Amino acid sequence: MYRILVVDDEDRIRQIIKKYAEFEGYQVEEAGDGMEAVHICRSESFDLIIMDIMMPELDGFSACREIRKTSATPVIMLSARGEEYDRIHGFELGVDDYVVKPFSPKELMMRVAAILKRAKGSAGNAQRDMVSFGGLTVDFTARIVYIDGARVDMTPKEYELLFYMVKNRGIALTREKLINEVWGYDFMGDDRTLDTHIKLLRKSLGPYSGYIVTLRGVGYRFEA
């Protein structure tokens, strides 16, 4: 049984998420603020964390930063704000997904299921595989990217996005296709999440950012 930690200072929100998560068969623990979440994660392990940003004691971003020091547990961030700055900041911290309040509990559960499925699959289906394009080297098995011989640190979603695009290099990939394959749930009509990650990925690729080509009105293609 998957264990999920729900972190939100609003009891009503926690209970809604808990109700739907338990209906899906997940075991749910709760925390009322970021500080409590950090303490719990130091003594217990979870398969996924759903955490609000705006909380007393310690906000979600700070809590995520602390948890990331000792754990790579997937995190879905909740927020009443949808500004690009918040989304970029969360993704840079390694947040796996970002959901703006008010949200659909059913959609949230779809995202939870997709992340858990992807995490389970990546742990058990690794095959040694590595490709290079000039000074860019992508090691699929070790989940490592090198640029001109130097290892580059990326967020989990940047790795997944780059790996998928590289494996499908030369192919025009629509936004819908990338969302469905990388995020693992049906496209909901909001492509800001994808575009934000593309922006971050290009920044991480530095001199090789041009390998990701924008196809206006369609999506993206990896060319090298």
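How many helices and strands does the secondary structure of the chain comprise? The secondary structure comes to 8 helices and 12 strands, where helices (H or I, at least four residues) and strands (E, at least two) are DSSP runs numbered from the N terminus. The radius of gyration of the chain, taken over C-alpha atoms, is 18 Å, close to the 17 Å that the globule rule gives for 224 residues, so the chain is as compact as a globular protein of that length. The globule rule is 2.2 Å times the number of residues to the power 0.38. The model is a predicted one, in which local features need pLDDT of at least 70 and side-chain atom pairs count only at pLDDT 80 or more, whereas totals for chains, interfaces and linings use all residues. Residues are numbered from 1 along each chain as its sequence is written, and side-chain values use heavy atoms, with hydrogens and water left out.

Along the principal axes, the C-alpha atoms fill a box of roughly 50 × 35 × 30 Å. Of the 224 residues in the chain, 50% are buried; buried denotes under 20% relative accessible area, exposed over 50%, and partly exposed the range in between (1.4 Å probe, protein chains only). The accessible surface amounts to about 10900 Å², and carbon and sulfur atoms contribute 50% of this area. Accessible areas come from the Shrake-Rupley method with a 1.4 Å probe, and for residues only the protein chains shown count as cover. Among the contacts in the chain with a separation of 6 or more, 58% join residues 24 or more positions apart, a contact being defined by heavy atoms within 4.5 Å. The chain carries 31 positive and 36 negative charges, whose mean positions are 5 Å apart. In this count Lys and Arg are positive and Asp and Glu negative, while His and the chain ends are not counted; the place of a charge is NZ of Lys, CZ of Arg, CG of Asp or CD of Glu.

Helix α3, which spans residues 60–67, is mostly covered, with 6 of its 8 residues buried. These buried residues are G60, F61, S62, A63, C64 and I67. Their cover includes α2 (34–43), β3 (48–52), β4 (75–79) and α4 (84–92). The N-terminal end of α3 is capped by D59, a side-chain oxygen of which lies 2.9 Å from the backbone nitrogen of F61. In the loop between β3 and α3 lies E57. The phi angle of E57 is positive, at about 70°, although E57 is not a glycine. With a relative accessible area of 64%, E57 is exposed.

Strand β4 contains I76, which is buried at 0% relative accessibility. Beyond its neighbours within four places in sequence, I76 is in contact with L48, I49, I50, M51, D97, V99, L108, R111, V112 and I115. In strand β7 (residues 136–139), V138 is found, likewise buried at 0% relative accessibility. The C-alpha atoms of V138 and A172, 34 residues apart along the chain, are separated by 20 Å.

Two further backbone features fall in loops. The peptide bond from K101 to P102 is cis, with omega near -10°, and P102 belongs to the loop between β5 (97–100) and α5 (105–124). D148 occupies the loop between β8 (144–147) and β9 (150–152). Its phi is near 55°, a positive value in a residue other than glycine, and D148 counts as exposed at 54% relative accessibility.

E160, in helix α6 (residues 156–167), is buried with a relative accessible area of 17%. Apart from neighbours within four places in sequence, E160 is in contact with R118, R143 and V182. T214 is located in strand β11 (residues 212–215) and is partly exposed, with a relative accessible area of 42%. Not counting residues up to four places away in sequence, T214 touches R202, G219 and Y220. The side chains of T214 and R202 are joined by a polar contact of 2.7 Å. A polar contact is a pair of N or O atoms within 3.5 Å; within protein, one must be able to donate a hydrogen and the other to accept it, and residues adjacent in sequence count only if both atoms are side-chain atoms. The C-alpha atoms of T214 and E176 are separated by 14 Å, the two residues being 38 residues apart along the chain.
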